[in-house]
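Let's take a friendly walk through this protein, one region at a time. Keep the 3D view open as you read.

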2 protein chains.
Amino acid sequence: DYIVEESWRWAIAFFIGLTMGFLSFLVDIGLEHLNNFKFSTVKKVISSHGGFWAPYFTFIAICLSLTGISGCLTSYGSPLAAGSGIPEIKTYLNGVHIKGLLGLKTLVCKLTGVTCSMSGGLIAGKEGPFVHSGGIVGGGWAGMGSNTLQALFGKWYTFKTPRNVGGFFRNDADHRDFVSIGTAAGVSTAFAAPIGGLLLAMEEGSSFYSTGVYWRGFLSTCTGVLTLHFLASLAGSPSLIFEEKFGIRRDLGLYDDDIALYGSKYYYFIWELPVFVILGIIAGCLGALFIKLHVKFTAFRGQYIPPRLVNRRLCEVLFVAWLTATTFFVITYASPCQKLPPKEQLAYYEMDSADGDIFAGVGGEDKRGLKHFPRLWCKDGEYNRNGQLFFTPLIQAMRMIIHFGETMPGDMDPKANLGQPLLLLWAVVIFTLMQFTFGIGAATGIFMPSLAVGGAWGRIVGMIVQAALHSAGSDLRVSLPAYTVVGAAAMLGGVTRMTLSITVLAMEGTGSLQMIIPIMLAVFISKVVGDSMTYSIYDVQIKIRGAPVLLEASLESHQRMVADKLTVSELATTQLVAVPPVMPVRELVETLQRCGHQAFPVTPDVAKAYTSDETFPLHGVIKRITLLHLLKHKLGFFSHPPGTPFPSSKTHVPKDQKARYALLAKLEQFPLKIRIKEDQDGIFRDLTTGDLEQMIDLRPFMQRTPFIVHGNASLARAYRLFRTMGLHHMYVGPAKPQVVGVITRKDVTEENAELVLGMKANQTGSRSF
Amino acid sequence: DYIVEESWRWAIAFFIGLTMGFLSFLVDIGLEHLNNFKFSTVKKVISSHGGFWAPYFTFIAICLSLTGISGCLTSYGSPLAAGSGIPEIKTYLNGVHIKGLLGLKTLVCKLTGVTCSMSGGLIAGKEGPFVHSGGIVGGGWAGMGSNTLQALFGKWYTFKTPRNVGGFFRNDADHRDFVSIGTAAGVSTAFAAPIGGLLLAMEEGSSFYSTGVYWRGFLSTCTGVLTLHFLASLAGSPSLIFEEKFGIRRDLGLYDDDIALYGSKYYYFIWELPVFVILGIIAGCLGALFIKLHVKFTAFRGQYIPPRLVNRRLCEVLFVAWLTATTFFVITYASPCQKLPPKEQLAYYEMDSADGDIFAGVGGEDKRGLKHFPRLWCKDGEYNRNGQLFFTPLIQAMRMIIHFGETMPGDMDPKANLGQPLLLLWAVVIFTLMQFTFGIGAATGIFMPSLAVGGAWGRIVGMIVQAALHSAGSDLRVSLPAYTVVGAAAMLGGVTRMTLSITVLAMEGTGSLQMIIPIMLAVFISKVVGDSMTYSIYDVQIKIRGAPVLLEASLESHQRMVADKLTVSELATTQLVAVPPVMPVRELVETLQRCGHQAFPVTPDVAKAYTSDETFPLHGVIKRITLLHLLKHKLGFFSHPPGTPFPSSKTHVPKDQKARYALLAKLEQFPLKIRIKEDQDGIFRDLTTGDLEQMIDLRPFMQRTPFIVHGNASLARAYRLFRTMGLHHMYVGPAKPQVVGVITRKDVTEENAELVLGMKANQTGSRSF
């Protein structure tokens, strides 16, 4: 059974990767088609009608309808599909569940929503939503079932597999592990970056305490990325699938690895390190500024556009979409026309070994066959300069900023570099618009916008350094792509305050293996600077919502100061509502109705437990949800004529394995069979007076060994236990607890355990049981 | 104080990186000079004398003297400097300390030893020794002191900084964190791979439970690699240091990133994935074979060459060195001479933008200026074919296998590829010799030999696939470097059973960003296949030594089967030697002499504690080492006329901060001030009769809140607590423990804690304390 279970763990990790790869492919395909439709329609209108208004209205109409869909899905579909979903997943992984967060409906709304948001031109990325979606997929596979489907089609089919087909992982801890793996797979497929995605899940979720889980996560991320690439290749050129080179695509690469000479394009000089530190400082400040403004915006939204007024929320989405589309369109229209570079250079700029750019959704090629030089209103032989960035999807613009012109041979100086004014305009516009966008009622992510802003000003700094060098008489050439990547990563670090994962994501996404150390330096500085001013964007959102999340596995210094001064008993609640091991059903129902506690200690001394400061013997603990299950299925009920002794607790558990599994299945909580708030009263009503007269035996169903913490232990200790063991509550022992013995490290080694087990078996044998 | 402490944490992580970068540079420089000396001397003898014997004796003499130094350092210097040191570090990070493991003497012996072993031609790598060295450096910086120096120069200077200059981290947990960071820095600098090194420390050490620690580790690895590169560049061309491109060196790169077109050299086809699975299976089997043979060898060694017979051990080292050197020399001598490739190809083979290859120690250029085509006994225009691999340092041979010919433009077909027979010979010879080498009394690592074997047969498989394709009429070209890297990583995985870290190390070391997924797949399969047959090489060594190490953070399935069936109380010791809170000094000394326990529970009911199965109130726990400190410094002593009440425990602790720090410094264990076995009797002898008549108060010095585990809890729970909290022992409570209250997740959030602290402060204030 254990080995089967272990195999299922691996299998499920594999399936999670497969599913996420497939979903990511669907979103990419959707994005490509919608973007193609949008840009090619507008281009047609430009070439047929010209002028400002006709193309403008076409553009606006498409953008507004797409974002409208996204807004509707959030407002009328699943409100949890709004935003990035990372704070919610973080909250969940911390042990605080939000209803509907991991539902299939949310998944559908989120993915459709983000596809529409992005193709509708909102300043949004798919990374955050993919983290959330990955979590849902992970949870769904772990539970091997779905509430939504059950509710819809439950009449015809049970969407819940039995135990022997993988239904092992319906307990909290396992479920959380798989959600964590799912988030890793999600972000990996979004970025096509297996290592970075895994590290991100580790850094944010931090429930990867065991090597097994994180290695399963790696299997999952690799499977996901491979599936995505495979499907993308299959869609691109199905007949050539076996001749297609794999592993050479970068999500943030304008060209693939086969022709982009990353090795020689990315490098840094030792004297540039201080410059990267400055980049980090700027990024930290900008990140903090963004977060501070976001808090203000959120307060404003909370007042005028609260989530429950769904129509207002939708209007806000449409307004932001209109604002974004208009800004982009006007900037493109106002652009000067520039001459195309000479033909031999053009060949290098446009180089791409892949046929269709499946990841981009570039929006239809120019009729001259030029992907990166949009003509639009310009005459032949010229191109619309601003359109290179503003009349293309956000991610494609980002790729242009990083890589444009990178395939030029070293001695062919690219003059047609994206200029500083254009980059500056871009950075300011995106920074402003992302402020409006993040937090509206549509699925949006913050990764890609942050990267786009950071990349732009990073490159500007690089150009300034280059100019300074030049004017100082040096002919050293700095690497502009390097500055772009460092700036982008630092900006993302300033906003999200993730560290290692961002460094690796930036490296994997752009293929800049050479830049690991400068990226790490800039992200590090950015985090330090940012942390000194604000919390991360996600933690700010969590705090605004007020969920009891323990953010860090170990406390930060200023928290430790508090935690060391307090003991557990100073924080503990000493007046408990306890239940006796055997009690009349009526009393149990009354207790459940009287208070809202989620778990009840089981003790014969119920009165003592309620009295403050007195110790009582703890027999076990039982959750409200278990009690409701017992009442619903009338488990553990027995009639008890007064005066006779209670029967042994063993009479209430079945003797053979199969019946025991059936009982276990009844008590299983996942997929959510009983919703405490909704179903409780119904269960109570269903109890007949006869039932209420009976007794109930809680002993076989309670958890017998709840965690106990020393009353004098410091808060820091309690914190660590809560965090690493994923607990919801712990019982507090007295200052000088009673103990019977000691167990040492040697006692729990495998050899000793097997020895003792052997002795135990022999003893049992000799006693002829 | 907390903020100062936090800053010191970062500073120390930085210093660890700096130190490891510097040490790594020293080793590299040493290796280069020694290798240069060895190979150029032999080359000179060949060109001046020719023939077999004169060059042979020169070669043997140099090899034997170098390995002799390494053997002497282990045999007569520090026995812990033998082998890789990874098992010992793993044991330490698990909480089991080995005396002298982290001493400065061991560091010096290890690093000098590994330099001599490698330049002496032993089949050894520096990665394992660098893990160990990193641990020592990390521990040294954490303790900010050294016992060795203290013992040598203690008369003139105290090698231990006070608390305000960073001496914060002398407790077990912090020390372990820094050792862990040190190992990460060590392996990173050895491989020049910052991410891979960090992941390796996480995977093996697994004490990275907090994001803070692993982010500090990343700072450390990046600093280390940067320092190494900086120093290497400085040594190479000091005047050009500001014009030198950084970040483009790979430790396993024959050419640097600037000219090696990795992006276009590494790729895979989707149909190759099954081939990589087969590679993984072969690697798993070979790894398991290696480990099984190693167990046999170790048993043989244990019988005939035990570590205490140092002279025999030294002889074994010399024998293995002679065997290795002779094999290599004979193979080189017996090699056929081959024609040099035409000049235009030669230019591509020999291409290198760096002047001297600081990382390699290639051994002096050929007088024709050819680095990769040794002439030796051949006539002009020809080269010694076997010498390309066998007459060069191991790591350089490895680089040749992976990258040789990689800089050739795609249309210039390299015929001068290293041939299959040569590669096969290489794989067999190295595999056999590494079997002899691993486990001898010299500093040796297993990483590089494993990579060298795996790379060779990986490439052979690639060639077979290419031939099969060709004969099937396809003109598809598979990527041979890809096969080499996958084979190497899989073989390393089969031996060490590390996973994620090896994948990333292989990727970073070779620059094969494109190959992440195939490498992961092969390493995964290799681990699964290998694990089904044997433990990893390190775990085998740990098991042979019998240290009580808890290898995995969570149990494997077969272990869980055992762990779920046993409860803590079945494993616990119930007869304890306890001490009362206040006792006569004489009694304490007698107790310490009577038993060998390392920790004593403090309770007034000493008798009850000794009796099995009775509960007793636990006031705290005190370690033997603390008791010895108290006795040595006569702390907590007081005379007590019979009949009077005991004074409050507060009279024994100083009131002001400064005196308390002084007391704390007296009790601090690191650097090891008292060695239990050696110093105990001396401390007892120093006590006068008057002292023995006094009473001692243990209350201020005991740890008041030891971990307590529920007696009925399963072994699995105990295991997890031991592992994640890094405990040595836990006290076992009764089956139905007394509790006073409950603490929930909400109670420990920062907001609530601050609230309670505020209330507490107010209360105290109003009571006018």
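Start where strand β12 of chain A meets strand β10 (residues 729–732) of chain B: they pair in the antiparallel sense over 4 bridges. Within this pairing, A:Gly741 has B:Val732 in β10(B) as its bridge partner. Strands here are DSSP runs of E with at least two residues, helices are runs of H or I with at least four, and both are numbered from the N terminus. Two strands pair if DSSP finds at least two bridges between them.

The pairing belongs to an open sheet of 3 strands, in the order β12(A)-β10(B)-β9(B), with mixed pairing. Its edge strands, each pairing on one side only, are β12 (741–744) of chain A and β9 (708–709) of chain B.

## How to read this model

This is a predicted model, in which local features need pLDDT of at least 70, side-chain atom pairs count only at pLDDT 80 or more, and totals for chains, interfaces and linings use all residues. Residues are numbered from 1 along each chain as its sequence is written, chains are lettered from A and ligands numbered from 1 in the order in which they are written, and side-chain values use heavy atoms, leaving out hydrogens and water.

## Chain A as a whole

Chain A contains 31 helices and 12 strands. Of its 769 residues, 63% count as buried, where buried means under 20% relative accessible area, exposed means over 50%, and partly exposed lies in between (1.4 Å probe, protein chains only).

Now look at contacts, meaning heavy atoms within 4.5 Å. Among those in chain A between residues at least 6 apart in sequence, 79% join residues at least 24 apart.

## A sheet within chain A

Chain A also has an open sheet of 3 strands in the order β3-β8-β7, with antiparallel pairing. The edge strands are β3 (582–584) and β7 (637–638), and each pairs on one side only. β3(A) pairs with strand β8 (residues 695–697) of chain A over 3 bridges. In β8(A), A:Met695 is the bridge partner of A:Pro584. Helix α24 (residues 585–594) of chain A packs on the sheet and touches β3, β7 and β8 of chain A, its direction making about 85° with that of β3(A).

## Two crossing helices

How do the axes of helix α3 (residues 86–93) and helix α21 (residues 537–545) of chain A meet, and at what angle do they cross? They come within 9 Å and cross at roughly 70°. Axes are lines fitted to C-alpha atoms, for helices over the stretch in contact, with angles running from 0 to 180 degrees between N-to-C directions. α3(A) and α21(A) are therefore roughly perpendicular, as angles of 65 to 115 degrees are called; under 35 is roughly parallel, over 145 roughly antiparallel, and the rest oblique.

Among the residues that meet are A:Ile86 and A:Pro87 in α3(A), with A:Tyr538 and A:Ile542 in α21(A).

## Two buried spots

In chain B, 10 of the 10 residues of helix α15 (residues 394–403) are buried, so this helix is largely enclosed by the rest of the structure. Its buried residues pack against several helices of chain B, including α16 (420–437) and α17 (447–471). After α15(B) comes B:Gly405, whose phi is positive, near 85°.

Back in chain A, A:Thr115 sits in helix α4 (residues 104–119). Is A:Thr115 buried or exposed? With 10% relative accessibility, A:Thr115 counts as buried. Leaving aside residues up to four places away in sequence, A:Thr115 touches A:Val27, A:Gly30, A:Leu31 and A:Leu34.
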